[in-house]
Amino acid sequence: MIELRYPFTETAVRALRAGDVVRVSGRVCTGRDRFHKFLADGGTCPVDLRDGALFHCGPVAVPEGDGWRIAAAGPTTSIREEPYEAATIERLGLRVLIGKGGMGADTLEACRRFGCVYLQAVGGAAALTAQRIKRVIGVHFLQAFGATEACWEWEVEGLEAVVGMDAHGEDLFARVREASAARLEALGKEEA
Amino acid sequence: MKQTITDQLADLIRLNTSSLPDDIERALTTAREEASSPAEAQVLDALLENARLARDGATPVCQDTGTLTFFFSVPPRTDVDALRKAAEDAIVRATANGWLRRNTIDTLTGASIDTNVLPGEMPVCHFRTDPAAKTVTVSLIQKGGGSENMSRQFSLPDTTLGAGRDLDGVRRCLLRAAWEAQGYGCAPGILGVCIGGDRAEGYLVAKEQLLRPLDDHSPTPDLSSLEHRVLREANSLGIGPMGLGGRTTLLGVKIAARLRLPASYFVTVAYCCWACRRHTATLETEGGVS
């Protein structure tokens, strides 16, 4: 188990290899469909994400007192952000992406070029992930995007994930996809 | 004090959103015992721990609390509008309590509908009259967007899949759907399948198959053997939990057939993630809803 803590350094990120199991701690920000489109349309990111982590996540957030309680949280399917992510990594100086299902060739290349990794969090494990969120630091675009799509700033501790795409061009998901495609073809040749 | 129908439906939502069905949890436990790599074991351990935490804390199993789809089976002359209203009120309450995410978007404006309710439209309610029924039975399924995006409809013949208008063609479609889902729909998944019907009927019947317990099999021998074969073959693809590789890619395959037009042969697949949240309840209606 490898510990990663914000601010994430280029050295720490480039030391990771696809398949490594990690635990992320420190500041993590969420951003999903609306957030990526907003940036692509020329919007300004409300938080400094240099050497930071962006989590593809829409939480169940419940107002409580002056703040918020995160009742459930977990990754959403990352591939929807593929058209935007390479430019986002470069522009914001991201070091860590957290999501599910993996991303495409442009993101993989941006990870290699700029020193970033893609982490697979456990999809749907919302109660477990919520336990790792220790504090809500702030929330941006709450009115504009709604609570699910808003940009949440969290302090997390020990968020478990697997390195799906590393900064050396290795992509665990592509490996699985290719091997399963070969098997699918073999099954297609089997008798009815 | 007697519970109102709204109270009972709110209880059902709270149970459904926070408790993985027993058969799903058992299947994940078996998958964990058979895990072939540390990554597969780690993912399944997390899913099982998550199931326990969600149940104990009555918090959502998954943050995508899904489209709430109710299947009501009602006695003749039941006031279904009253049931729909009760379901809407229960959802408003469940959302305010944090059992459901603010999960509904106005498609044209992009605005969040924070109550998750639009009277008459959301939630999705299906009603079926059962002449023999004395009470209202309701099944609730919460299926999230990640898995919904992996649902597919094929029209046979499909030359790219080498799929003709027979059960081997259906088999090819189902394996293709399991392959396309990879880790995007939160594998290990369940395939609810309808062969035949028109396009709309196909998606409805396919989704309804997800209500069947995992150990249930089709009463039609040909479909039952196809269910077993596709499950076995899909689990040889090596996609594994979350698409990270491994032995368990699907937990179940449930197939039904419907009549079709001579010109059409649809194979419709409702792909559900491992968090297949479904429960059934019988409502106390004090002499009926009419």
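A: Start with strand β1 of chain B, residues 67-74. Of its 8 residues, 6 are buried, so strand β1(B) is largely enclosed by the rest of the structure. Buried means under 20% relative accessible area, with exposed over 50% and partly exposed in between, using a 1.4 Å probe and protein chains only. Strands are DSSP runs of E with at least two residues, and helices are runs of H or I with at least four residues; both are numbered from the N terminus.

This is a predicted model: local features need pLDDT of at least 70, side-chain atom pairs count only at pLDDT 80 or more, and totals for chains, interfaces and linings use all residues. Residues are numbered from 1 along each chain as its sequence is written, chains are lettered from A and ligands numbered from 1 in the order in which they are written, and side-chain values use heavy atoms, leaving out hydrogens and water.

Now the partners of β1(B). Strand β3 of chain B, residues 136-143, runs antiparallel to β1(B), and 7 bridges join the two. T69(B) has I141(B) in β3(B) as its bridge partner. Strand β2 of chain B, residues 124-129, runs parallel to β1(B), with 6 bridges between them. Here F70(B) has C125(B) in β2(B) as its bridge partner. Two strands pair if DSSP finds at least two bridges between them.

Move along chain B to I195(B). This residue sits in strand β5, residues 189-195. I195(B) has 7% relative accessibility, so it counts as buried. Leaving aside neighbours within four places in sequence, I195(B) is in contact with several residues, including L167(B), V170(B), L223(B), Y265(B) and F266(B). Contact means heavy atoms within 4.5 Å. C272(B) lies 77 residues from I195(B) along the chain, and their C-alpha atoms are separated by 17 Å.

Turn to chain A. Its secondary structure comes to 7 helices and 9 strands. The radius of gyration of chain A is 17 Å, close to the 16 Å that the globule rule gives for 192 residues, so chain A is as compact as a globular protein of that length. That radius is taken over C-alpha atoms, and the rule is 2.2 Å times the number of residues to the power 0.38. Of the 192 residues of chain A, 58% count as buried. Among its contacts between residues at least 6 apart in sequence, 63% join residues at least 24 apart.
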